[in-house]
Amino acid sequence: MTQLQVGINGFGRFGLHLLRYWLNAPEQAAYQIQFINDDFITLDHALEILSSDPYVPFSDFEVSRQGNSLQFSKGVKNYRIQYTQCPLSDIPWIGQPDLVLECSGKATIADRCRPYLVGNTRRVIISATSWDADKTLVYGFNHTDLTSAMTVISYGSCTVNAYVPLAHYIHGTYGIHDSDVNVVHNVPAYKLSDSQTLNRKFCTLEKSAKHLLPYLHDENFIVNYTLVPYTGASLIDFRFRLRSRPANRGALLQSLKQAIATGSLAKLYGMTPVDNGPEEHILTPFSAVLIEENIKLLGDNLYIQAYFDTENSVNRYHDLVNYVAQATAPLSVPAPARMA
């Protein structure tokens, strides 16, 4: 398999998780990370993070500095990634990778990403909501809509990925008359000092879902979004008023479990029998984990409680990057992964 070269801009929480996800199976990915840039984090600081972060461990690798590169060694295999600390306009590897993964959170406007599209670089994939990207592609929902004209792509957000594929399945099976979502969202540890109380905020899901799902609009969809001073997995509660009511709760659960096991929700969602709290859902591979005992069918209303790890929504971003890499022909044959 030909792997496309990738450059990441932004080595904050999302970039850190993405690197860990890629290193889980680098030979199986359709892309190889060759470059990382961050306008704030130095190479030495990056090494400190990689050796001490309590949430994203790299203890299975020997991590070292080799000149201006990070090296990850495991057995006889070595993966070397060039590291730079520059503003976007001065990144020295612009035009070299086939794909740029914009993970800084500072370039969510499409025009700020288009300077990447020179030389070998065919596409930019933004790890956040972008209202003017060529397309928002949600893996497991519409990622196969990718066309050659889409050069700046948004993956949505953690809440978009948690809600949209599930809502699409519910609508296709029963029809959705109206829906609302309650999100109790965590706060990263480094922001806790600024967030010592509850904070009601606008959630990008409220606008994005209406854009992606034509049966949702201002009159039948709302999101209640609350930040809490807490660092664990977040809570998301779904309510759907159904147009066609299932025969009973048992029939609904059977259909939902089948969709999660082998159907359209497979590898996107999990389900656990009882609510043991959020801790066991940290670093989950799923966009959301549904709590079976708390799935209720009351009249025409379906209530679903779930947990989701907001930081680890990178799993769907990784899936999307893999798909885009497979569909994107490089201008030149990429160099092989740097291994000893």
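This is a predicted model: local features need pLDDT of at least 70, side-chain atom pairs count only at pLDDT 80 or more; totals for chains, interfaces and linings use all residues.
Local features need pLDDT of at least 70 and side-chain atom pairs count only at pLDDT 80 or more, while totals for chains, interfaces and linings use all residues. Residues are numbered from 1 along each chain as its sequence is written, and side-chain values use heavy atoms, with hydrogens and water left out.

**Exercise 1.** Find out whether Val-321 is buried or exposed, and what it touches.

*Solution.* Start with the helix: Val-321 sits in H7, residues 314–327 (a DSSP run of H or I, at least four residues, numbered from the N terminus). Next, its relative accessibility is 0%, so Val-321 is buried (under 20% relative accessible area; exposed is over 50%, partly exposed in between; 1.4 Å probe, protein chains only). Finally, leaving aside residues up to four places away in sequence, Val-321 touches Tyr-31, Leu-99, Leu-101 and Ile-125 (heavy atoms within 4.5 Å).

**Exercise 2.** Work out which parts the salt bridge between Asp-60 and Lys-74 ties together.

*Solution.* First check the pair: the closest N and O atoms are 3.1 Å apart, and the rule asks for a side-chain nitrogen of Lys or Arg within 4 Å of a carboxyl oxygen of Asp or Glu. Then place the residues: Asp-60 is in the loop between helix H2 (43–52) and strand E3 (62–66), and Lys-74 is in strand E4 (residues 69–74), so the bridge joins parts 14 residues apart in sequence (strands are DSSP runs of E, at least two residues).
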